[in-house]
Each structure stands twice: as C-alpha cells, then as structure tokens.
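Student: I would like to go through the labels used for this model and see what backs each one. Can we take them one at a time?

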Amino acid sequence: MNHFISKLPKAELHLHIEGSFEPELMFALAQRNQIDIPYKTIEEVKQAYKFSCLQDFLNIYYAGASVLIHEQDFYELTMAYLTKCHEENIVHTEIMFDPQTHTHRGVSFETVINGIQRAREEAQQKWGITSLLIMSYLRHLSEEDAFETLRQSLPFKHLIKAVGLDSSEKGNPPSKFYNVFEASAKEGYVLLAHAGEEGPAEYVWEAIDGLKIVRIDHGNNCLTDANLVDEIIRRDMALTVCPLSNLELKVVTDLKEHPLKTMLTKGIKATVNSDDPAYFGGYLNQNFHSIQQALNLTKEEIIILAKNSFQYSLLDESRKIELLNLVDEYSKNN
C-alpha cells in the first residue's frame with residue numbers, strides 16, 4: 001500500500017509555501033541574510049517546531065518567515081517544495097502564499113511573487129509539474145489590510161489564480177471579510193477560505209454563503225451540522241483535509257479518530273494535503289501513509305482521494321481529464 005501511494009499521481013490543493021520551510025534552509029537563510037533568530041543550531045530550530053495549538057504554531061511560523069528577505073530566498077523556498085513534489089509524484093499543486101507576512105516586514109509584493117514564480121516556471125520546465133497560486137489574506141488582520149494586499153496584487157493578477165483566508169480562525173469569522181472577497185471576485189480571482197478547522201460549523205456556513213467560496217480548506221467541523229453536510233454535497237464542494245496538521249494542532253487527538261473516512265462515507269469530496277509539512281511531520285505521501293494506516297483505507301478509497309484532488313483542483317477541464325486518466329492508468333497496472 002505504501003508503495004502504491006508513493007507512486008500514485010496526485011495533486012496537492014492545500015499547501016502554505018511558508019509552511020514548507022525546513023529548519024536547515026531557515027537556518028541557512030538566517031545566516032546568509034544576517035537575521036537574528038533565537039536558535040543557535042539547526043537542532044534548536046527543530047525543537048522549536050513543536051507546539052500544542054494553532055496559535056503556538058503561528059507564532060513560530062511568523063518568526064521563521066522573518067528570514068525571507070530577497071527574491072532568491074522565495075525562489076529557494078519554493079524550489080525546495082517543488083523538488084519534493086517531483087520526488088512524491090505530485091504532478092499538480094496549488095500553492096498558498098501570505099503576502100502580508102512579508103509586506104508588513106518591508107519586503108515588497110513583487111519580491112515575494114517573483115521568487116515563487118521563478119521556481120514554478122523551472123519546475124514545470126524540468127518535471128512538467130503544473131502549479132497555481134492562491135493569495136491568502138491573514139484573518140487576524142483587518143479587512144482594510146486585506147484590501148491593501150488586493151491592491152498590491154493587481155499588477156501580478158496574471159500569476160495568481162485564487163484568494164484564500166488563513167491564520168488564527170477563532171474570533172476571526174469569515175464575515176469579517178465579505179467586502180474584500182466580493183472585490184476579489186470582481187478582479188477575477190477564484191474564492192477559497194479556511195473554515196471549520198478550529199472554528200464552528202457556523203464559520204463554514206459564512207464562508208460558503210457570505211464569502212461565496214468554491215472550495216473549503218479543512219472543514220472538519222462541518223460534520224457537526226447535518227444540514228451543512230447536505231449543503232456541501234448538494235453544491236458539490238470539496239474539502240482540502242490535512243490529517244497530520246489536524247493531529248499536530250490537536251484538532252484530533254489520534255488519527256484513528258480523524259473524520260476523513262466519515263466524510264467519504266457521507267459523500268463529501270475530501271482530498272488529502274500536507275498544509276505546513278515542515279512543521280507538521282510530513283509531506284503529502286506521509287499524510288496519505290499515516291491516514292491510510294490509521295483508518296485502514298482501501299486502495300479504492302485512496303484512488304478516490306487522488307481523483308478528487310484533480311477533479312476539484314482549479315485546473316481547466318482538459319488538464320483535469322489528462323490527470324484523471326493518469327490515475328486510471330496507474331491504478332489499472334498496480
């Protein structure tokens with residue numbers, strides 16, 4: 001089963017590029033850019049990657065991002081992740097990035113996106129990996145701040161497919177961002193949002209009805225509301241589920257209690273993703289391996305999850321069909 005998963009063609013739809021920041025690279029960039037971080041060794045950085053809740057994690061995440069200064073840094077960060085995609089048979093990925101994390105430190109939007117874009121182009125040339133960019137608004141900041149980020153993004157609109165909503169969920173409901181999401185849609189961006197990870201089912205309702213999103217990031221807590229489950233199925237919306245992230249952030253205490261199998265049984269179009277893999281103990285294949293073992297998922301269920309990742313990606317239909325055929329071909333021969 002592990003071999004089958006590892007070689008299976010798949011897409012990743014929920015990945016924060018800043019969350020793929022491995023300790024070794026963080027330490028190297030801190031030294032190269034002469035940025036003081038509170039760790040003397042790579043081992044100390046690794047020890048810091050241990051936390052008990054979403055807020056603890058976010059504190060470390062933002063501290064780590066402080067060493068990203070130059071276009072080359074963003075290129076190296078993104079290229080390291082895309083190299084991992086190549087190793088794990090991820091043939092398409094939808095990469096979230098947090099401009100405000102960087103622009104608030106005086107790093108220009110242009111610096112961030114140009115570094116990421118250079119790596120995307122190189123990975124497509126070298127390995128044929130397609131990727132799309134999701135610009136995430138930080139929900140702990142104001143809607144005005146998100147509007148400023150939207151404004152800064154417009155010269156680079158051709159490089160960005162969608163907008164998202166991430167960071168501290170509790171106390172920051174989707175309704176806080178109705179206006180900027182409406183404005184983002186007018187600019188042609190696809191709308192996505194994190195909802196129902198730590199927040200209640202009500203936040204998921206707000207995201208789908210108020211923000212008018214087309215895909216739900218996380219969405220675990222939708223299962224507490226039967227009407228919401230029915231509505232998600234009726235609208236044919238996918239959930240981008242992140243098993244190891246849920247475990248590390250104590251959304252679940254044991255992967256055996258993870259709701260992924262329940263989601264599939266109820267008819268929800270779930271996908272498996274790594275979220276912030278450098279911090280949460282594994283990239284996409286490890287998430288698949290761990291959740292397969294914990295829930296005793298069948299080969300058929302693994303294939304459904306892989307197919308969902310392509311079917312509910314933001315790719316055009318012809319590329320989706322091409323990639324779905326890859327999965328069929330692979331599963332027929334393995």
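**Labels and their grounds**

Tutor: Start just after α10, where K212 takes a positive phi of about 65°. Keep in mind that this is a predicted model.

Student: What makes residues of α10 count as buried, and which are they?

Tutor: Buried means under 20% relative accessible area.

Student: Why are α10 and α11 called roughly parallel?

Tutor: Helix α10 spans residues 201-210 and helix α11 spans residues 226-234. They pack at an angle of about 30°, and their axes are 10 Å apart. Angles under 35 degrees count as roughly parallel. Therefore α10 and α11 are roughly parallel to each other. Their crossing is left-handed.

Student: Which residues make the contact between α10 and α11?

Tutor: From α10 come A201, V204, W205 and I208. From α11 come N227, L228, E231 and I232. By class, that contact has six nonpolar, one polar and one charged residues.

Student: How do you know that α8 and α9 are roughly parallel?

Tutor: Use the angle again. Helix α8 (residues 143-153) and helix α9 (residues 178-186) cross at roughly 15°. The cut-off is under 35 degrees, so α8 and α9 are roughly parallel to each other. Their axes come within 9 Å.

Student: What is the hand of the α8 and α9 crossing, left-handed or right-handed?

Tutor: α8 passes α9 in a right-handed crossing. E143, A146, F147 and L150 in α8 meet Y178, N179, V180, A183 and S184 in α9. By class, this contact of α8 with α9 has six nonpolar, two polar and one charged residues.

Student: Now the sheet. What is the order of its strands?

Tutor: Eight strands form an open sheet, ordered β1-β2-β3-β4-β5-β6-β7-β8. The pairing is parallel. On average, neighbouring strands are turned by 25° against each other, direction ignored.

Student: What makes β1 and β8 edge strands?

Tutor: Each pairs on one side only. β1 covers 10-16 and β8 covers 269-272.

Student: How do you know that β1 and β2 pair?

Tutor: Count the bridges. Two strands pair if there are at least two between them. Five bridges join β1 to strand β2 (residues 90-97), and the two run parallel. E12 stands opposite T93 in β2.

Student: And what makes β4 and β5 a pair?

Tutor: The threshold is at least two bridges. Two bridges join strand β4 (residues 162-166) to strand β5 (residues 190-195), so the pair qualifies. These strands run parallel. A162 stands opposite V190 in β5.

Student: Why is β1 called mostly covered?

Tutor: Seven of its seven residues are buried, with buried set at under 20% relative accessible area.

Student: One last label. Why is G128 called partly exposed?

Tutor: G128 has a relative accessible area of 39%. Buried needs under 20%, and exposed needs over 50%. The value for G128 falls in between, so G128 is partly exposed. G128 lies in the loop between α7 (109-127) and β3 (130-138).

Student: What does G128 contact, leaving aside neighbours within four places in sequence?

Tutor: V91, A123 and R319. Contact means heavy atoms within 4.5 Å. As for H92, G128 is 36 residues apart from it in sequence and 8.8 Å apart in space, C-alpha to C-alpha.

Conventions: Residues numbered from 1 in each chain as written. Predicted model: local features only at pLDDT ≥ 70, side-chain atom pairs only at ≥ 80, totals over all residues. Heavy atoms only, no water. Helix = DSSP H or I, 4+ residues; strand = E, 2+ residues; numbered from the N terminus. Buried < 20%, exposed > 50% of the residue type's maximum accessible area, 1.4 Å probe, protein only. Axes fitted to C-alpha atoms, helices over the stretch in contact; angles between N-to-C directions. Parallel < 35°, antiparallel > 145°, perpendicular 65-115°, else oblique. Left-handed = near helix turned anticlockwise from the far one by under 90°. Nonpolar A, V, L, I, M, F, W, Y, C, P; charged D, E, K, R; others polar.
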